[in-house]
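Hi there,

Here is the structure I promised to pass on to you. Please have a look at it first, and then read my notes below.

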Amino acid sequence: MIYCLINPSSRSRKGVRIWKKIEKDLKKECIAYQTIISKSKDDVTNAAKRLTRDSEEKTVIIIGGDGTLNSFLNGMERTDGICIGYLPVGSGNDFARGMGITANYREELELILHDRQKRHIYYGEVSYKSGRNQRFFVSSGIGYDAKVCYKVDHSPTKKILNFFQLGKLIYLVLGVLYLIKAKTFTADLFVDDELVLEGDKFLFTSFHVLPYEGGGFKFCPDQHPEDNRLHICAVQGIPRWKLPFIIPQALMGTHVNRKGVHIYCCDHATIQTGSPQYVHTDGETDHKYDGITVSISEEKITFLN
């Protein structure tokens with residue numbers, strides 16, 4: 001039995017259109033499957049809990065965006081015996097980009113169903129002072145990048161661009177807009193318990209399991225899926241007039257040698273900020289926080305791609 005979890009609202013209901021084609025292929029090959037349609041993030045999280053509550057081995061095909069994948073990860077009660085196939089239909093698709101998963105859904109489905117080569121990857125975890133924890137597959141960030149994610153998630157323009165298959169442009173458009181009026185903050189950054197950066201003029205700090213975020217910005221170009229270390233990109237002390245030149249360089253990953261861009265590799269990190277800042281996990285934001293601790297998992301998630 002294969003479980004197919006679909007987010008019908010992904011990319012202006014592109015998820016539904018893709019699912020209808022895939023369902024025909026499953027029926028044609030006489031493959032037993034069960035459909036799970038999600039109407040919200042909570043639906044996805046609850047479905048993950050149900051599917052991973054027992055000890056039965058399962059294959060789950062997820063059709064959605066980075067947010068759908070993140071909600072499933074945060075609902076998993078166990079990781080062993082669970083194989084995930086992923087078909088990306090989101091706006092940013094940073095997970096697919098980092099994993100080398102293409103937009104050719106039939107080709108990817110063939111790999112999931114028949115090739116079944118397994119990739120075992122780590123995930124990241126954010127811990128808050130309240131004791132709350134959140135997992136992420138791609139990246140987490142605090143500051144400017146998280147604010148852009150928040151604005152993207154609440155922008156009606158995203159739906160319009162998704163309709164024309166231009167969804168990832170929303171990150172670039174709003175990224176430039178909020179870069180112009182971005183406010184820096186004071187922070188202390190600890191990497192493996194050592195203070196490496198402190199003071200004011202922090203723009204953002206992002207923590208990566210995969211190299212991309214924000215619809216294709218390659219903030220940590222040396223990160224790869226099977227790496228068991230956390231990669232960090234911290235931006236501090238860059239004059240405002242230089243930012244419009246440096247941020248576009250991040251699309252190619254050539255920003256890393258610029259003054260004010262700091263790259264680290266570690267097991268865990270903590271950032272304490274002088275004022276509450278937006279925090280995102282795989283582009284999902286909810287509140288502002290004045291500090292987080294980020295680490296890499298010890299266990300791995302199995303993907304069929």
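First, the ground rules. This is a predicted model, in which local features need pLDDT of at least 70 and side-chain atom pairs count only at pLDDT 80 or more, while totals for chains, interfaces and linings use all residues. Residues are numbered from 1 along each chain as its sequence is written, and side-chain values use heavy atoms, with hydrogens and water left out.

Let me start with the cores. A nonpolar core here is a set of buried Ala, Val, Leu, Ile, Met, Phe, Trp, Tyr and Cys residues joined through side-chain atoms within 4.5 Å. Buried means under 20% relative accessible area, exposed over 50%, and partly exposed in between, with a 1.4 Å probe and protein chains only. The largest core has 27 residues, and Phe72, Phe95, Phe137 and Phe303 touch the most other members. Among the elements that give two or more residues to this core are strand S1 (2–6), helix H2 (41–51), strand S3 (58–64) and helix H3 (66–75). Its largest share, four residues, comes from H2. Helices (H or I, at least four residues) and strands (E, at least two) are DSSP runs, numbered from the N terminus.

Leaving aside neighbours within four places in sequence, Phe72 is in contact (heavy atoms within 4.5 Å) with Leu5, Val44, Ala48, Leu51, Val60, Ile62 and Ile84. Another core lies apart from that one; it has 25 residues, including Leu197, Ala269, Tyr289 and Ile296.

S1 deserves a look of its own. Five of its five residues are buried: Ile2, Cys4 and Ile6 point one way, and Tyr3 and Leu5 the other way. Two strands pair if DSSP finds at least two bridges between them. S1 pairs with S3 in the parallel sense over five bridges, with Leu5 opposite Ile62. Five bridges also join S1 to strand S2 (residues 33–37), again running parallel, and there Ile2 stands opposite Tyr33.

Next comes Ser139, in strand S8 (residues 139–143). Ser139 counts as buried, at 2% relative accessibility. Its side chain makes a polar contact of 2.6 Å with that of Glu213. (A polar contact is a pair of N or O atoms within 3.5 Å; within protein, one must be able to donate a hydrogen and the other to accept it, and residues adjacent in sequence count only if both atoms are side-chain atoms.) Not counting residues up to four places away in sequence, Ser139 also touches Phe207, His208, Tyr212, His280, Thr281 and Asp282, among others.

That brings me to the backbone. Most residues other than glycine have a negative phi. Asp282, however, has a positive phi near 55°; this residue sits in the loop between strand S13 (268–281) and strand S14 (284–296) and is buried, at 8%. Phi is also positive for Asp192, near 50°, in the loop between strand S9 (185–191) and strand S10 (194–208), but Asp192 is partly exposed, at 29%.

Finally, how many disulfides are there? With a disulfide taken as a pair of cysteine sulfur atoms within 2.5 Å, the count is zero. The closest cysteine sulfur to that of Cys149 is in Cys233, 14 Å away and too far for a bond. Cys266 is in no disulfide either, with the sulfur of Cys265 the nearest at 6.7 Å. Both Cys149, at 7%, and Cys266, at 0%, are buried.
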